[in-house]
Amino acid sequence: GRGPVIDEELARRAGAALMPTYARQPVELVRGEGAAVYDAGGRRYVDCMAGISMNNVGHGHPEVVAAIADQAGRLINTSNLYYTEPQIALAEWIRDNSLGGRVYFCNSGAEANEAALKLVRKARGPARGEVIALTDGFHGRTFGALALTGQPGKQEPFRPMLSGVRHVDRDDPEGLEEAFSERTAAVVLEIVQGEVGVRPVSPELLRRARALCDRTGAVLIIDEIQTGLSRTGPLFAYREAGIEPDVMCLAKSLGGGLPIGAIVARPELSEVFQPGDHGSTFAGGALVCAAGLAAARVLASPELQDRVRALGAHALAELERMAAEGLVAEARGRGLMLAVDLARPRAAAAVDGMLAEGFLVNATSQRTVRFLPPLVIEREDLDAMLAALRRVLAALD
Ligand code: PLP
């Protein structure tokens, strides 16, 4: 294969200037178009990560680029002390396509979960200070979101955590019921757990969570930050799970590549936050909201969603053939959110091998490789990725 090249001087500068929070792939990306990205040497890679599901529209989508260029030339941001139309239009779009209540904007997924936690605390009061989340779930790196994140390794160096969070397994509806008490204010969950390697939460647990929240008045918060905006096929994954949240958290692909987060609530929870309760200087700026509205319109297209379903089913069938042949231990997928578990802890080597072949994928653990291509990926690029995966896995020692 054609090996990636990273300029040694650039890597040295990164090491000297950036806190080492990320283990980066040795490639410098300088340009993107659709599902393709190019490195500094002009090599083409098929992006099968989409910025961890941030670039669902693909790179340089003409409608998103035009919206950004147009808005950037007129007004970028004003803070929330004034009205701007793009913010209102994006809030209307989210409201009208989901829970029917109002929207609060922030700048990231973690911040969306923080906002949901504050909303629930204010709505349900100090006597109901507990929140239930799922083991293996991922909700972000800030303190509230980290407390929700059911991965002890990510919490360990930062204890003590925010108190009052209990975790139950994604396939344990009985455990969920047992964890409930009169102190429970909310349940927070993903429909498919992304960061732990694309693991769907059991339908029975989802139904039980909805029923328990209905019975007790606890708030059901669904984190659609990774699954949202047609990643799994439907506009939001909850739509095919047969339940509706009381609060939904969005981020990632909602900004068309620019940083944004949002929560949307049912109408009954739309007036919990009052002036002074919460906020952010940057949040919901005109530029990011104009980009977001353009991206949201692209991603809500039924034709695009049909493609996601068809391409996702096609890719999963091929990954399942690899499992049947013993090349991988297990394949999982929902739409274009896919992963394979390897029989041995060689995921990092597989990711390196894929990079050398010209494909960006990532490892969510030592044994799991994940695929999150832009939803506009062409069938040929997806097939080329699957063929490369076969070669790379077959060559692993
Ligand atoms: N929630 C989920 C389900 C996520 O997958 C992520 C990021 O991977 C987050 C929250 C955190 O989002 P952000 O990185 O924008 O803070």
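**View 1. Who sits around the ligand.** Of the 13 residues around the ligand, the ones that come nearest are G109, A110, D223, Q226 and K252; a residue counts as near if one of its heavy atoms lies within 4 Å of the molecule. This is a predicted model, where local features need pLDDT of at least 70, side-chain atom pairs count only at pLDDT 80 or more, and totals for chains, interfaces and linings use all residues. Residues are numbered from 1 along each chain as its sequence is written, and side-chain values use heavy atoms, with hydrogens and water left out. Helix α5 (residues 109-124) gives the most to this shell, with three residues; helices here are DSSP runs of H or I, at least four residues long, and strands are E runs of at least two, numbered from the N terminus.

View 2. Look for pairs of N or O atoms within 3.5 Å. A polar side-chain atom of D223 is 2.7 Å from a nitrogen atom of the ligand, and a polar backbone atom of F138 is 3.3 Å from a ligand nitrogen. Over at K252, a side-chain N or O atom lies 2.9 Å from a ligand oxygen.

**View 3. A339 in its strand.** You'll find A339 in strand β14 (residues 337-341). A339 counts as buried because its relative accessibility is 0%, and buried means under 20% relative accessible area (1.4 Å probe, protein chains only). Leaving out residues up to four places away in sequence, A339 touches several others, including G197, L319 and F371; a contact means heavy atoms within 4.5 Å. G194 is 145 residues apart from A339 along the chain, yet their C-alpha atoms are separated by 9.3 Å.

Terms used: Buried < 20%, exposed > 50% of the residue type's maximum accessible area, 1.4 Å probe, protein only. Polar contact = N/O pair within 3.5 Å; in protein donor to acceptor, adjacent residues only side chain to side chain.
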